[in-house]
Amino acid sequence: NFSIFQDADQAQGKTIPVNASSKKIIITNNPEMFFCCEPVYLSIEILEKYITNLEKWVNDKKFINPDNAYRVKNKNYTNFLGERAYRVQVECGIDSPGNIILLNHNSETFYIRYDSEECFPLSEKILSTFKFIN
């Protein structure tokens, strides 16, 4: 009972389907939340620009601002799918940036954002199925 799409068109109140050239996918069990509230989802996006300093990019984007800093459980480099990745883990809550994994693979930077297990109980299970196939 999950929906997969590449973006939400707020003006039209509809989701935009994924296609072969999509650079982003969003997985949610409640797509209607994208039009009214704080949605709970997992997204995987290939960024337009290759990021060499992953930690600096996350800090520069200010995903974790001083007001929300108390929600950060962990920020560090880690291994994700055999690749060095920068990971930020946060607690669930309104205005939470969600958990972030940023990694480089095959000259592309992947930005993965997902809600914590307490907000989106299947997020870690869904994420564990992700793999690079080429």
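What pattern does the protein chain follow, read along the sequence?

1. The pattern is β-β-β-β-β-α-β-β-β-β-α. The protein chain therefore has 2 helices and 9 strands under the DSSP assignment. This is a predicted model, and the points that follow should be read with that in mind.

2. On overall dimensions, the radius of gyration of the protein chain is 15 Å; a compact globule of 134 residues would have one near 14 Å, so the two agree. Taken along the principal axes, the box filled by the C-alpha atoms is roughly 40 × 35 × 25 Å.

3. On burial and surface, 38% of the 134 residues count as buried, the cut-off being under 20% relative accessible area. The protein chain exposes about 8,000 Å², and 48% of that area is supplied by carbon and sulfur atoms.

4. On contact range, take the contacts between residues at least 6 apart in sequence: 44% of them join residues at least 24 apart.

5. The sheet is open and is formed by 7 strands, with antiparallel pairing. Its strand order is S1-S4-S5-S9-S8-S7-S6. The edges are strand S1 (3-5) and strand S6 (72-80), each of which pairs on one side only. On average, neighbouring strands of this sheet are turned by 15 degrees against each other, direction ignored.

6. Asn-74 stands opposite Gln-89 in S7. The hairpin of S6 and S7 has 2 residues between the strands, and Leu-81 takes a positive phi there, near 55 degrees.

7. What does S7 pair with over 4 bridges? The partner is strand S8 (residues 99-105), again in the antiparallel sense. Here Tyr-86 stands opposite Leu-102 in S8.

8. A point for anyone inspecting the strands by eye: in a regular strand, side chains alternate between the two faces of the sheet.

Terms used:
Residues numbered from 1 in each chain as written. Predicted model: local features only at pLDDT ≥ 70, side-chain atom pairs only at ≥ 80, totals over all residues. Heavy atoms only, no water. Pairing = 2+ DSSP bridges. Axes fitted to C-alpha atoms, helices over the stretch in contact; angles between N-to-C directions. Rg over C-alpha atoms; globule rule 2.2 N^0.38 Å. Buried < 20%, exposed > 50% of the residue type's maximum accessible area, 1.4 Å probe, protein only. Contact = heavy atoms within 4.5 Å. Areas by Shrake-Rupley, 256 points an atom, 1.4 Å probe, with all protein chains shown as cover.
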